[in-house]
Amino acid sequence: MTLPALLEGRMSLPLIGSPMFLISHPELVIAQCRAGIVGAFPSLNARPSGTFETWLQEIGDALTSADAPFAVNLIVHKSNARLEEDLALCVRHKVPIVITSLGAREDVNAAVHSYGGIVMHDVINDRFARKAIAKGADGLIAVAAGAGGHAGILSPFALIQEIRAWFDGPLALSGAIATGRSIAAARAMGADLAYMGSPFIATEEANAEPGYKQMIVDSGAADIIYSDAFTGVHGNYLRPSIVASGLDPDTLPRASAMNFTTLSGGAKAWRDVWGAGQGIGAIDKVQSAAAFIAQLRFEYHAAIAALCSDNRLEKGA
């Protein structure tokens, strides 16, 4: 297993703060990077389009070589009319890490490589993983069952072991990771990094409504619904937000096509239905990103130390 050189010595924890639609703004990204993890945001969060370059400048000016690098998520699907424009800005500002989603393209990878950047591509199964690497991605984000937003259905054990059978490059794991112990477990399974999003919704810097943050605190795995009704792509969502939108979580329609605009009754998928992963049961308060990452760091090192000092493991008990 290997990590890109740009991550060596710049991270306090093997963790990427995943890019969350609407939630991840410069304030959160900067706080994550300063605390020693990769902070990321989707380029489409910067609206109107000219805002994206302003955000890149803001983040670039705020961070130093002592901070962890940041990442930008590009939606590669043909429905993203801004892809070429946003990619050109990533190249101009030499974004260290580009996370690609909903498609893998050789030209996108080549553009990022032209200035020394790296590409991590998110995948939900081994077939997509092989295609991404064949098209020039440097690393993979394995999105397993239980991840927030658009998620896969495979167990993290199954997904990681299939990818590691042939790929020894940078690999992150996403799916219900919400504690330092979970980060340690991801490493034990064979991932280089954990990939965590939903717990950061309940941070002071997150661009989320107070009600959304409190719903993360109040909810658990049983409150998560897996459906393609809202965008045409299967994902995990908070049951109470579905109810609040006037929909019945138990009788949701199947989507006929990808659609990120409106739902029946006039509700908007990106505004009224809130995504979250199954790990949120571990979140019990709203706090700063720095405080949360410090908590994760303590839990992670405690978990590693406990495993290393367990004499029963050494004796094969």
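Predicted model: local features only at pLDDT ≥ 70, side-chain atom pairs only at ≥ 80, totals over all residues.
**Questions on a Barrel of Strands**

Visitor: Why does Trp166 count as partly exposed?

Guide: The relative accessibility of Trp166 is 28%.

Visitor: What makes Phe41 and Trp55 an edge-to-face pair?

Guide: Two values decide that. The ring centres of Phe41 and Trp55 are 5.5 Å apart, and a pair needs centres within 6.5 Å. Their planes stand at 65°; angles over 60 degrees count as edge-to-face, so this pair is given that name. By this rule there are 5 aromatic pairs.

Visitor: Where in the chain do these two residues sit?

Guide: Phe41 belongs to strand E2 (residues 38–42) and Trp55 to helix H2 (residues 51–62). They are 14 residues apart, and their pair links distant parts of the chain. Phe41, Phe52 and Trp55 also form one aromatic cluster.

Visitor: Are Phe41 and Trp55 buried or exposed?

Guide: Phe41 has 0% relative accessibility and Trp55 has 9%. The limit for buried is under 20%, so Phe41 counts as buried, and so does Trp55.

Visitor: How do you know that the pair of Trp166 and Phe167 is tilted?

Guide: The centres of Trp166 and Phe167 are 5.6 Å apart, with 50° between the planes. Under 30 degrees would be stacked and over 60 edge-to-face, and the rest is tilted, so the 50° of this pair makes it tilted. Phe167, at 9% relative accessibility, counts as buried.

Visitor: Which strands make up the barrel?

Guide: The closed barrel has 8 strands, in the order E1-E2-E3-E4-E5-E6-E8-E9, with parallel pairing. Ignoring direction, neighbouring strands of this sheet are turned by 25° against each other on average.

Visitor: How do you know that E4 and E5 pair?

Guide: Strand E4 (residues 97–101) and strand E5 (residues 118–123) run parallel and are joined by 4 bridges. A pair needs at least two bridges, so E4 and E5 count as paired. In this pairing Ile97 stands opposite Ile118 in E5. Helix H4 (residues 106–113) packs on the sheet and touches E4 and E5, with its direction at about 145° to that of E5.

Visitor: What makes E4 largely enclosed?

Guide: Of its 5 residues, 5 are buried, so the rest of the structure largely encloses E4. Both faces are covered: Ile97, Ile99 and Ser101 are buried on one side, Val98 and Thr100 on the other. E4 also pairs with E3 in the parallel sense over 5 bridges, and there Val98 is the bridge partner of Val72. The β-α-β crossover from E3 through H3 to E4 is right-handed. Moving on from E4 through H4 to E5, the chain makes a crossover that is right-handed too.

Visitor: Why does Arg82 count as buried?

Guide: Arg82 lies in the loop between strand E3 (70–75) and helix H3 (83–92). Its relative accessibility is 13%; the limit is under 20%, so Arg82 counts as buried. Leaving aside neighbours within four places in sequence, its contacts include Ser43, Pro48 and Phe52.

How values were computed:
Residues numbered from 1 in each chain as written. Heavy atoms only, no water. Phe/Tyr/Trp six-rings, centres within 6.5 Å; stacked < 30°, edge-to-face > 60°. Buried < 20%, exposed > 50% of the residue type's maximum accessible area, 1.4 Å probe, protein only. Axes fitted to C-alpha atoms, helices over the stretch in contact; angles between N-to-C directions. Contact = heavy atoms within 4.5 Å. Right-handed = clockwise from strand over helix to strand, strands pointing away.
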